[in-house]
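Below is a short note for a colleague who has the model open. The points are numbered so that they can be answered one by one.

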Amino acid sequence: MLLSETISNTPNFFYLAPWVVFFPVIGLLINIIFGGRFSEKVIGTVASVASGLTFVVAALMVLSLRAHPEGATIPLAEWITIGELQLDWAFRVDTLSVTMMMVVGGVGTLIHIYAIGYMHEDVQYKKDPKRYRRFFVFFNLFIAAMMILVSGDNYLMLFIGWEGVGLCSFLLIGFWYEMDTLARPSTANAMAAKKAFVTNRVGDFGFLIAGMMMFWTFKSVQFDNVFLAAEHIAENQPGIILAITLFMLLGVAGKSAQIPLYVWLPDAMAGPTPVSALIHAATMVTAGVYLVARSAPLYSLVPQAQGVVALVGGATALFAATIAVGQYDIKKVLAYSTISQLGFMVAAVGMGAFVAGMFHLVTHAFFKALLFLSAGSVILGVERGHHHAAHKHHRRGDHHGEADFDPGDMRNMGGMRKTMPVTFWLYVIGALALAGIFPLAGFWSKDEILAEATALNFTVYILLAVAAFFTAFYMGRQIWMVFFGQPKHEAAGHAEESPLVITVPLMILAALSILGGALNLPGVHTFTEWLEHTFEAFEVHVHVGEFNIIVAITSTILALVAIGLSWLLYGRRTVSRDQPDPLKRILGPIFVGMENKWWIDELYWAVILNPYVALARFTADVIDGRFWHDWFHDKVIAGTYQWLSKTFLDAWFDQRGIDGFANGLAQAVKELAQRLRGIQTGFVRNYALSVFIGVVVILGYLILQ
Amino acid sequence: MLPVTYYVGLSAVLFAIGALGVLIRRNAIIIFMSIELMLNAANLAFVAFAREYGALSGQIFVFFVMTVAAAEVAVGLALIVAIFRTKQSIDVDQMSSLKG
Amino acid sequence: MTPELITFIFLALIAVASGLGMLFSRNAVYSAIYLIINFVTVAVFYLLLGGAFIAVSQVAVYAGAIMVLFLFVIMLLGADRLGESKTLAWQRPLAIILAIGLIAETLFVLFFQASDLVAVQTLPEGFGSPASVGNTLFREYLLPFEVTSVLLLVAMIGAIVLTRREKTQS
């Protein structure tokens with residue numbers, strides 16, 4: 001009683017909502033304007049404080065929401081008023097958006113702090129310390145855009161944020177745009193950024209179509225208006241809602257890296273590791289999940305669309321998990337793992353298990369950020385080790401140092417348990433959380449999804465359960481390859497532990513990964529009740545996922561079996577660099593497929609991109625170049641115009657007409673002046689005579705008048 | 001008392017003579033004297049009208065005209081002297097550098 | 001033919017004749033003397049019109065001061081005569097025609113359009129006497145009077161500056 005009284009007396013902080021956007025914008029402005037004079041630490045601190053303040057605001061929102069669970073809409077400005085369309089820049093504070101704010105602000109701040117240390121070494125390694133400031137400006141811009149996305153009160157604001165985070169993603173993937181991931185001069189990073197941007201355009205196109213159809217149908221894109229009218233529209237024109245939700249799914253597939261548009265996310269690992277962690281694991285890629293959850297009132301009206309979404313999610317989860325098994329790059333494995341886990345979330349929200357999906361989104365943000373950042377720490381450690389080893393060689397006059405050494409390749413690692421003990425333990429916690437081992441966060445959230453799937457869509461359950469098996473397998477494989485056995489390269493042997501500015505945020509994330517499950521323990525359902533306020537406002541039934549002991553035991557056994565299998569293959573003895581992957585001997589061509597990502601990129605090139613490029617070449621060279629430019633423009637338009645201008649306009653109209661008039665006028669004035677100058681005799685008496693004539697004439701005129 | 005028109009008519013004749021002097025003489029000093037004659041003709045008209053209306057203002061005005069004439073003569077003659085110094089002549093027709 | 005009219009015609013003839021004499025004299029000194037005669041005649045007209053103070057001023061300022069200044073300058077420059085010149089010969093007849101035109105116009109106005117001008121028969125006591133002129137001057141026209149004093153000062157300075165020789169030459 002006492003607690004609830006305190007809560008209801010809590011002042012309401014909703015009016016502070018716009019500051020989640022203002023703080024990062026202020027931070028980036030400070031860094032843009034004054035950053036040139038700041039040291040690296042000050043730049044990083046300004047950005048981190050800006051991000052941290054958004055977290056504080058989000059926390060205040062949580063407090064206020066506990067007292068007023070219905071939330072609020074904070075209008076900031078009238079934005080667009082065109083005819084029937086009336087849009088405000090308004091902030092929607094409800095349990096769903098605040099959950100996202102908490103994740104973005106909290107995980108974002110930790111990654112900001114991590115980046116202070118990581119980028120310091122990265123810019124040294126890539127030899128361009130001036131780019132340090134730019135990184136934090138982009139990072140704050142990303143936080144601002146993501147906050148606009150999650151806090152918008154209508155689909156258009158959401159879309160603005162959606163595009164804003166896409167832009168930041170592009171800028172940060174291509175952060176080292178003039179090199180590849182090994183810092184060799186190349187366009188590889190720029191290509192990766194472009195691929196992410198273009199692929200997202202395809203998805204955004206779907207989102208835009210959905211938005212336009214929505215405006216056409218509902219005459220509004222404001223959440224409340226749309227959701228309130230949706231049921232009525234669904235009765236009369238069910239096809240429209242289906243079309244809107246499916247087009248929206250295309251946007252989701254682009255942003256959240258689902259089949260068929262997931263191909264950009266693995267390449268996005270070209271960005272610095274904090275970018276991979278923040279944008280391409282924890283926050284931006286979950287925007288699609290948020291969009292489906294936000295549109296729950298629409299999706300729950302069309303079960304067909306829900307089925308499609310769930311199937312896409314399940315298929316992506318399994319498909320990406322198989323690819324992850326065959327990868328050698330430490331970040332690529334995590335990238336495919338992210339795609340797979342996003343598949344889990346999309347499947348969950350698709351099935352209608354919105355709470356389970358959001359729950360997994362939150363826990364995944366914790367442990368995947370942890371994994372990425374730990375992987376970054378590993379890479380930095382290997383780089384330090386490589387630098388150390390090369391230095392030693394250099395002193396011995398041994399110049400065979402490999403320029404192409406890849407610090408992210410797991411085949412170069414091994415035995416780093418001893419050289420980087422802190423990172424090792426953090427990584428293991430993240431991996432176990434991801435694999436879904438009791439009692440870490442991943443266990444609870446993944447299990448809730450699986451339990452819901454048994455009830456809602458059994459096909460998807462099978463897909464997800466297999467995917468969970470693969471998840472445990474590839475995480476086990478990674479742990480064995482990286483941290484156990486003998487160092488497979490000098491660099492791994494000389495690896496050094498990362499400084500505290502890097503490891504402390506990791507420890508916090510590790511703690512969250514362990515305890516995150518407490519958010520929504522079976523039987524307590526804190527998180528379910530929390531989100532219910534938002535969903536039930538529009539009569540979306542929130543499925544309270546009952547804990548299913550059979551499902552839990554099955555998935556735990558599957559995970560343990562997978563980890564055991566991975567130990568048999570990778571952990572029992574060290575696989576040297578030159579040996580083929582042990583799994584290859586067993587699976588043969590299937591593993592080659594996994595290794596080569598099932599040739600999906602090649603397929604896209606053959607089916608879509610090459611014909612498209614050929615068509616573009618044809619239109620550029622033949623249609624535009626030869627026909628349009630050479631023939632039509634040069635010959636027809638320019639030729640006609642030149643003929644017209646030369647013969648008619650220039651020779652006749654301009655030279656004879658206009659020049660003739662102007663010159664003739666001048667000549668006439670000249671001749672007139674020649675004659676008139678005679679009047680100016682210079683004799684004063686003569687001028688006096690003129691005056692006198694004037695007097696006599698005017699007087700005469702006055703008399704006769 | 002004669003009608004005032006007589007005096008004004010005389011004034012007009014004297015004025016015309018002065019104007020004629022300005023127009024037909026080349027001697028700068030005589031031109032100047034002609035101007036004085038024209039001023040006098042105007043003064044005569046003033047005094048005649050002052051008598052006509054029984055108002056003293058006309059005479060006061062003549063007083064002011066005399067003052068202005070005195071000032072004008074002082075400056076004008078100084079100008080003539082200055083011109084004579086440079087041109088060695090007071091023929092206004094020789095001062096025609098403004099000829100077009 | 002009243003005595004008044006006879007006096008008027010007599011004086012008017014002298015005035016016109018002396019004006020024409022001034023106009024046509026070859027010698028500038030003669031011109032100046034004709035002009036003095038003219039001014040004195042006009043002073044007599046002033047007396048006839050009840051302007052005693054003005055008449056005295058006319059003689060003192062014009063005939064006395066101004067014309068003496070003219071004569072002085074003529075003597076100083078020694079430019080009492082100018083040779084015959086052919087410049088602007090055509091202007092002379094035109095100017096005479098215009099002058100006659102001007103006189104004709106004025107007379108036309110005076111005798112045909114303004115013939116109803118009738119003089120005031122009873123003048124105020126002491127009209128035109130130095131006392132009344134002084135009263136009016138210092139009561140109603142004090143500011144213009146003071147301004148004319150400044151004008152005279154300016155004219156004096158101007159005359160001095162214009163005729164001063166440059167010291168740097170010597």
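1. Chain C against chain B, polar side. Seven residue pairs are in polar contact between chain C and chain B, both residues at pLDDT 80 or more. A polar contact is a pair of N or O atoms within 3.5 Å; within protein, one must be able to donate a hydrogen and the other to accept it, and residues adjacent in sequence count only if both atoms are side-chain atoms. Six helices of chain C each supply at least two residues to the side that touches chain B: H1 (3–24), H2 (28–48), H3 (52–77), H4 (91–113), H5 (130–139) and H6 (142–163). H3(C) gives the most, with 12 residues. By class, this side of chain C has 57 nonpolar, 18 polar and seven charged residues; Ala, Val, Leu, Ile, Met, Phe, Trp, Tyr, Cys and Pro count as nonpolar, Asp, Glu, Lys and Arg as charged, and the others, Gly among them, as polar.

2. Basis. This is a predicted model, in which local features need pLDDT of at least 70 and side-chain atom pairs count only at pLDDT 80 or more, while totals for chains, interfaces and linings use all residues. Residues are numbered from 1 along each chain as its sequence is written, chains are lettered from A and ligands numbered from 1 in the order in which they are written, and side-chain values use heavy atoms, with hydrogens and water left out.

3. Chain C against chain B, area. The contact takes 82 residues from chain C and 69 residues from chain B, with contact meaning heavy atoms within 4.5 Å. About 7,000 Å² is buried between the two chains, and carbon and sulfur atoms give 78% of that; buried area is the accessible area (1.4 Å probe) that two parts lose on being put together, summed over both. In chain C, Leu23(C), Leu49(C) and Phe70(C) lose the most area to chain B, together 10% of what that side buries.

4. Chain C against chain A. Here 13 residues of chain C meet 11 residues of chain A. The buried area is about 1,100 Å², with 74% from carbon and sulfur atoms. Leu88(C), Leu98(C) and Glu105(C) supply 45% of the area that chain C buries against chain A, more than any other three residues. The count of salt bridges between these chains is zero, and three residue pairs are in polar contact, both at pLDDT 80 or more.

5. Cores. The largest nonpolar core has 213 residues, of which Tyr155(A), Leu298(A) and Met416(A) touch the most other members. Such a core is a set of buried Ala, Val, Leu, Ile, Met, Phe, Trp, Tyr and Cys residues joined through side-chain atoms within 4.5 Å. Buried means under 20% relative accessible area, exposed over 50%, partly exposed in between (1.4 Å probe, protein chains only). A second, separate core of 75 residues includes Ala28(B), Ile30(B), Ile74(C) and Val133(C).

6. Chain A. Its secondary structure comes to 28 helices and two strands; helices (H or I, at least four residues) and strands (E, at least two) are DSSP runs, numbered from the N terminus. Of the 705 residues in chain A, 54% are buried. Helix H12 (residues 287–294) of chain A is mostly covered, with eight of its eight residues buried.

How values were computed
A salt bridge is a side-chain nitrogen of Lys or Arg within 4 Å of a carboxyl oxygen of Asp or Glu.
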